[in-house]
Amino acid sequence: MRPISSPETVTDHGDHVVISADTCLQEQALWPGSPAEIARMLANAEAALDALKDEFELWMEQEAARLGPLLEDYLAESSPMQKHMLYRALHDIRGNASSFGNALAGQIADHMCKLFDAAGSVPAAMVEAHIHAIQAVVREKALTGEHPVGGAIIKELARAAAARVQVPE
């Protein structure tokens, strides 16, 4: 670890006092550390993630469950606000699914986000199919495209979407 620098200093100027803050914590935060320290920090981070793994499944189930009411609202009133709320939830799943150990749900959410981005209007049946697919892969614990159900779902969604909308890679 880098040596600690000078402690806090107080300078009296007669009519006022200036206190200079100790910068050792800032310097330590900015110091990259030795390879051993970096390896230790990475090991600690991985251990913290492992400790949370039991909660990942629950979090993913909660994210998938959150899609249900959002889909109902979107189908009832396909307003820009409803679309935004659904897109935001899909975007969250897209970003968090790999961390939660469910890359396939993230892939499906990514595909739906790209559909929304590429074609301002997406058929309601297509949106519904994607949401139900996410919920199914989470429920069935189909974590990757190698899972027989998961792989079939992602292929069918991609085929159906390609027939309607050109989706960017």
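I started with Phe116, which is buried, with a relative accessible area of 3%. For the record, buried means under 20% relative accessible area, exposed means over 50%, and partly exposed is what lies in between, with a 1.4 Å probe and protein chains only. Ground rules for these notes: this is a predicted model, where local features need pLDDT of at least 70 and side-chain atom pairs count only at pLDDT 80 or more, while totals for chains, interfaces and linings use all residues. Residues are numbered from 1 along each chain as its sequence is written, and side-chain values use heavy atoms, with hydrogens and water left out.

**Entry: rings**

Which ring sits 6.2 Å from that of Phe116, centre to centre? I found Tyr87, and the planes are at 55°, so the pair is tilted. The cut-offs: rings of Phe, Tyr and Trp (its six-membered ring) pair if their centres lie within 6.5 Å, with planes under 30 degrees apart called stacked, over 60 edge-to-face, and the rest tilted. Helices (H or I, at least four residues) and strands (E, at least two) are DSSP runs, numbered from the N terminus.

I then counted aromatic pairs over the structure and got three. One of them is Tyr74 with Phe116: the centres are 6.1 Å apart and the planes stand at 70°, so I logged the pair as edge-to-face. This pair also links distant parts of the chain, since Tyr74 is in helix α2 (residues 35–76) and Phe116 in helix α4 (residues 103–118), 42 residues apart. Is Tyr74 buried or exposed? Tyr74 counts as buried, at 6% relative accessibility. Put together, Tyr74, Tyr87 and Phe116 form one aromatic cluster.

**Entry: charges**

Next I looked at charged side chains. How many salt bridges does a search of the whole structure find? The search gives seven, a salt bridge being a side-chain nitrogen of Lys or Arg within 4 Å of a carboxyl oxygen of Asp or Glu.

I picked Glu57 and Lys141, which form a salt bridge with the closest N and O atoms 2.9 Å apart. Glu57 lies in helix α2 and Lys141 in the loop between α5 (124–139) and α6 (148–164), so this bridge ties together parts that are 84 residues apart in sequence. Both ends came up partly exposed: Glu57 has a relative accessible area of 40%, and Lys141 has 42%.

Lys141 has another partner, as its side chain also meets that of Glu61 in a salt bridge (3.9 Å, N to O). Here too the pair links distant parts of the chain, Lys141 in the loop between α5 and α6 and Glu61 in helix α2, 80 residues apart. Glu61 is partly exposed, with a relative accessible area of 33%.

I also noted Asp110 and Lys114, whose side chains meet in a salt bridge at 3.3 Å, N to O. These two are four residues apart in helix α4, separated by about one helical turn. Asp110 is partly exposed at 21% relative accessible area, and Lys114 counts as partly exposed at 21% relative accessibility. Going back to shared partners, I see salt bridges joining Glu57, Glu61 and Lys141 into one network.

**Entry: outside and overall**

What makes the nonpolar surface patch of about 300 Å²? I wrote down Val10, Val17 and Ile19. Patches take residues with over 30% relative accessible area and no salt bridge, joining like charges within 9 Å and nonpolar side chains (Val, Leu, Ile, Met, Phe, Trp, Tyr) within 5 Å. Val10 lies in strand β1 (residues 9–12) and is exposed, with a relative accessible area of 57%.

For the whole protein, I count six helices and two strands, in the order β-β-α-α-α-α-α-α along the sequence. Buried residues make up 30% of the 169 residues. Of the contacts between residues at least 6 apart in sequence, 58% join residues at least 24 apart, contact meaning heavy atoms within 4.5 Å. The accessible surface comes to about 10,700 Å², 58% of it belonging to carbon and sulfur atoms; these areas come from the Shrake-Rupley method with a 1.4 Å probe, and for residues only the protein chains shown count as cover.
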